Amino acid sequence: MSNLEQKWWFFAPVTGISAWLTVQLLSVAGMSMGAPSNSQWLVFALCFFGIQRGLSFTAWLIVLAVAPKLVKQEA
C-alpha cells in the first residue's frame, strides 16, 4: 500500500464506493444482505477487497495523470 493510499482523502471515498459497489453487485447476483450467513460474509469480503484494490489502482492512476507531483511526493 502506497503512502497515497493511506491518506484519508484518498482512502475514504475508495472504501465507501467499494462497499456500495459490492452491495450492488451482490444484490444483482441475488444475495440479499439481510441476516447473512458466514458464507455470504466471505463472498462479501472477497468481492469487497477485489473491488477496493481495483478501484484504488484506478484512482491512483487518475491522481498520477492529474497531479503527478502528489504521487511523486508520496513515494
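I began with S56, which I found in helix α2; I take helices as DSSP runs of H or I with at least four residues, numbered from the N terminus. The model is predicted, and in it local features need pLDDT of at least 70, side-chain atom pairs count only at pLDDT 80 or more, and totals for chains, interfaces and linings use all residues. Residues are numbered from 1 along each chain as its sequence is written, and side-chain values use heavy atoms, with hydrogens and water left out.

Is S56 buried or exposed? S56 is buried because its relative accessible area is 1%, where buried means under 20%, exposed over 50% and partly exposed in between, with a 1.4 Å probe and protein chains only. I then listed its contacts (heavy atoms within 4.5 Å) and noted that, leaving out residues up to four places away in sequence, S56 touches E5, F10 and V14.

Back in α2, I noted Q40, F44, F48, Q52, S56 and V63 as buried. An α-helix has 3.6 residues a turn, so residues three or four places apart point the same way. I also checked the length of helix α2 (residues 38–66): at 1.5 Å a residue its 29 residues should span 42 Å, and because the end C-alpha atoms are 41 Å apart, the two values agree; the expected span is 1.5 Å times one less than the number of residues.

L61, also in helix α2, counts as partly exposed because its relative accessibility is 38%. From C-alpha to C-alpha, L61 is 9.5 Å from V71, at 10 residues apart in sequence, and 12 Å from F10, at 51 residues apart.

On the surface I looked up a nonpolar patch formed by I17, W20 and L21, with about 300 Å² of accessible area together. Of these, I17 lies in helix α1 (residues 8–28) and, at 43% relative accessibility, counts as partly exposed. Such a patch takes residues with over 30% relative accessible area and no salt bridge, nonpolar side chains (Val, Leu, Ile, Met, Phe, Trp, Tyr) being joined within 5 Å; a salt bridge is a Lys or Arg side-chain nitrogen within 4 Å of an Asp or Glu carboxyl oxygen.

Last, I checked pLDDT, the predictor's confidence in each residue from 0 to 100. The protein chain averages 86, with 93% of the residues scoring at least 70; confidence is lowest in helix α3 (residues 68–74), at a mean of 68, and highest in α1, at 93.

Terms used: Patch = residues over 30% accessible without salt bridge, like charges linked within 9 Å, V, L, I, M, F, W, Y side chains within 5 Å. Areas by Shrake-Rupley, 256 points an atom, 1.4 Å probe, with all protein chains shown as cover. Helix = DSSP H or I, 4+ residues; strand = E, 2+ residues; numbered from the N terminus.
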